[in-house]
Amino acid sequence: MICVLGAGVSGAAAARLLARRGERVVVLEGRDGPRQRAAAAELAAAGAEVRFGEPAEVPEGTSLIVATGWPPHHPLLVRAAEAGVEVIGEVELAWRLRPAGAAPWLALTGTNGKTTAVRMLTSMLTAAGHKALAVGNVGVPVVEAVAEPYDVLAVELSSFQLHRSPGVAPLAAAVLNVAPDHLDWHGSMEEYARAKGEIFARAGTVVYNADDEWSARLAEPYPGAVGFTLTTPRAGQIGVVEDLLVDRAFVDDPVHAAEELATLADVRPFAPHNVSNALAAAVLARAYGVPAAAVRQGLTDFVPDPHRIAHVAQVDGVDYVDDSKATNPHAAAASLAAYPSIVWVAGGQLKGADVEDLVRRAAPRLRGAVLLGADRERIRQALARHAENVPVVEVGGQDTGVMDRVVVEAARLATPGDTVLLAPAGASLDMFTGYPARGEAFARAVHRLADPEAGGGRGGE
């Protein structure tokens, strides 16, 4: 019997695949609500049994556990280890069940930028004429794609997924960046970074960020690793020369030659961290043999996902930008670095993350700050220590209507030429159903500010 933990997207996909293969499957789901009951009915129809309730013991007869997101310190997984029952993730299951001749994987991970980079990569592969699909943490379970006739898979992997993927061997693999996140799950920064580094263990080509300390450190044991950098690339790297993205790795003579891949203007939305994402995608694409022209075409064809440094509107000479996806300090720091004069909209659930360094580095760019959400007081205290001359407004309340007051206060602090930037540095579940809902509330409030009679009915500029 195979036990699948969780009836969410990945767990349900794994259970369906295993049931189709004739395995006896039991799904353990700790939550019990309408959505979980609906998923259970679908799984039952597919031949899998679903049991509700928080499990503490390994079901009798279990030979394998497929865990999707459950932390390693969960009592059930501790008991599984004691009993010698193997625990793998949905990604590892997908790798083991690949048919002969299955599509190779181009894989990437990182604290921030994963989804943008994997979608850029998929666009480059498609521009080169390959049948490609973005899978994994991007939202499409890998088990749903491994048996399909794709030429290549662009695989986004989280630290949770990598923690339980001991056999995955991608054709090429990249670590975009590593900063403190999910430490409650992994237990320490070192263990979190180690999980990220697992992506390199069996990769054909190791790809690292030469501008990121942890990424570069994780690549050190791998001779021939290819770096990417926002500065002039050395031989064996891809980087930036003036306004060009250039390749000094996948050329005949890396010491004396370089090939132009694209221009900075081809990267949308433009920001330094997004250029870094584009470079990472380009290295992975080049490792697969994608020509330079397709790298550029892929970038120009790429349509950014919502709520990632998305320009909402300009009102009275002030730009309003939605980066609600900046749900941790590292992501917020990258966003703040993209603009010279900022009224910062921040707050939410910091998940124990430290904001001191974030505020210290951002202070010279800040013209004001408007804080909301559960942990706004911690950000206010950091601003008082490191940006004492920056005016700060706290907007209390936990209702979603708070965002209208936030935008009004931000507009009051801003002057023409400033950017009002929603880069919260925290999660959104204290007030919203997720970061998309937070970004949409911000955009609607901005449009009401621009035209109160329109009621937020206009689209973004």
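How many salt bridges does the structure hold? The structure holds 25 salt bridges, each a side-chain nitrogen of Lys or Arg within 4 Å of a carboxyl oxygen of Asp or Glu. This is a predicted model, where local features need pLDDT of at least 70, side-chain atom pairs count only at pLDDT 80 or more, and totals for chains, interfaces and linings use all residues. Residues are numbered from 1 along each chain as its sequence is written, and side-chain values use heavy atoms, with hydrogens and water left out.

**Confidence**

**Salt bridge Glu57–Arg79**
- Glu57 and Arg79 pair through their side chains at 3.2 Å, N to O.
- This pair links distant parts of the chain, 22 residues apart.
- Glu57 lies in the loop between β3 (49–52) and β4 (64–67), and Arg79 in helix α3 (residues 75–83). Helices (H or I, at least four residues) and strands (E, at least two) are DSSP runs, numbered from the N terminus.
- Arg79 is partly exposed at 32% relative accessible area; buried means under 20%, exposed over 50%, partly exposed in between (1.4 Å probe, protein chains only).

**Salt bridge Arg51–Glu49**
- The closest N and O atoms of Arg51 and Glu49 are 2.9 Å apart.
- Arg51 is partly exposed at 31%, and Glu49 is partly exposed at 33%.

**Network**
- Salt bridges link Glu191, Arg194, Glu198 and Arg202 in a network.
- Within it, Arg202 and Glu198 have their closest N and O atoms 3.9 Å apart.
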